[in-house]
Amino acid sequence: ARGFEIGMRFHSAPVVRLADGKPMHLGHVVKADARWRLFAFADAAPPDDETSLLAALGRFLETDPASPLRRHTPQGADPDSVIDCRAVLQQGFREINVTDLPPLLRPAKGEFGLTDYEKIFCPDLKNGPDLYDLRSINREYGCVVIIRPDQYVAQILPLDAYAELADFFDAVLLRP
């Protein structure tokens, strides 16, 4: 992802939210609320395919004991209270069913356990250039971009770099 530079601000780009087809800017969905962000830019495989690197990342983050989400999220807290995970797909928003994506990207949150459907985005080809082209993201393999709480890029990793992802967060976050 040559279009993102470590140490520079996370630049916005036009996207469409998968859940409702709403055009928006990716950088505007991130609030200044002291959480780390993990943006997973999907690989070429459909997200419901067994070869999908995005789906494998979701399984790692949800279930593996080495997952930074499992290690650094306090017991009983919302799953995105420390690290907020979001995904950008290559397919159009009409081509994907939100239930085909990892449960990590549609977590149950809050007092009533309501599902948060606002974590998945697709390129907005109607209102701007394709995000993958704009930010030079490798379409075959995708990537993970880690955003600091101040909205600067902290690290860029391959989707399957689980150990490096865990090591990064172990170096900057304390376990609860």
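Predicted model: local features only at pLDDT ≥ 70, side-chain atom pairs only at ≥ 80, totals over all residues.

Analyst: Happy to. Let's start with the cut-off for burial: a residue counts as buried under 20% relative accessible area and as exposed over 50%. Now take aspartate 80, which sits in the loop between α2 and β4. Its relative accessibility is 5%, so aspartate 80 counts as buried.

User: What is aspartate 80 in contact with, leaving aside its neighbours within four places in sequence?

Analyst: The contacts of aspartate 80 are Arg35, Lys109, Asp116 and Lys119. Aspartate 80 also turns up in the lining of the second largest cavity, together with Leu69, Pro79, Ile83, Cys85, Leu104, Pro107 and Lys119. That cavity has a volume of about 40 Å³. Its lining divides into six nonpolar, no polar and two charged residues.

User: And proline 176, is that buried or exposed?

Analyst: Proline 176 has 67% relative accessibility, so it counts as exposed. You'll find proline 176 in the segment after α4. Not counting residues up to four places away in sequence, proline 176 touches Arg71, His72, Thr73 and Pro74. Glutamine 75 is 101 residues from proline 176 along the chain, yet their C-alpha atoms are separated by 8.0 Å.

User: How do I read burial along a helix?

Analyst: Start with the general idea: an α-helix has 3.6 residues a turn, so residues three or four places apart point the same way. Now the case here. In helix α4, residues 162-172, the buried residues are Leu165, Ala166, Phe168 and Phe169. These cover an arc of only 155 degrees around the axis, which puts them on the same side of α4. Asp167 and Ala171, on the other side of α4, are exposed.

User: What covers the buried residues of α4?

Analyst: The cover includes strands β3 (36-41), β4 (83-88), β8 (143-147) and β9 (153-157), and also helices α1 (53-63) and α2 (68-72).

User: Which strands does β3 pair with, and in which sense, parallel or antiparallel?

Analyst: With β4, β3 runs parallel, and six bridges join the two. To locate that pairing, look at phenylalanine 41, which stands opposite valine 88 in β4. With β8, β3 pairs in the antiparallel sense over five bridges. There, leucine 38 has isoleucine 146 of β8 as its bridge partner.

User: Where does β7 come in?

Analyst: β7 pairs with β4 in the parallel sense over two bridges, and alanine 87 has isoleucine 120 in β7 as its bridge partner. Strand β1 (residues 14-17) runs antiparallel to β7 (residues 120-123), with three bridges joining them. One spot to look at is valine 15, opposite proline 123 in β7.

User: What about the pockets?

Analyst: A pocket is open, whereas a cavity is a space the probe cannot get out of. The largest pocket has a volume of about 270 Å³. It is lined by 13 residues, and Val16, Phe93, Arg94, Asp124 and Lys126 lie nearest its centre. By class, that lining divides into five nonpolar, five polar and three charged. The second largest pocket, of about 200 Å³, has three nonpolar, no polar and eight charged residues in its lining. Among them are Arg17, Lys31, Asp33, Arg35 and Glu118.

Notes
Residues numbered from 1 in each chain as written. Heavy atoms only, no water. Buried < 20%, exposed > 50% of the residue type's maximum accessible area, 1.4 Å probe, protein only. Helix = DSSP H or I, 4+ residues; strand = E, 2+ residues; numbered from the N terminus. Arc of directions from axis to C-beta. Contact = heavy atoms within 4.5 Å. 1 Å grid on protein atoms, 1.4 Å probe; cavity = no way out; pocket = protein on both sides within 12 Å on 5 of 7 lines; lining within 4 Å. Points joined across faces, edges and corners; volume = space filled by probe spheres on them. Nonpolar A, V, L, I, M, F, W, Y, C, P; charged D, E, K, R; others polar. Pairing = 2+ DSSP bridges.
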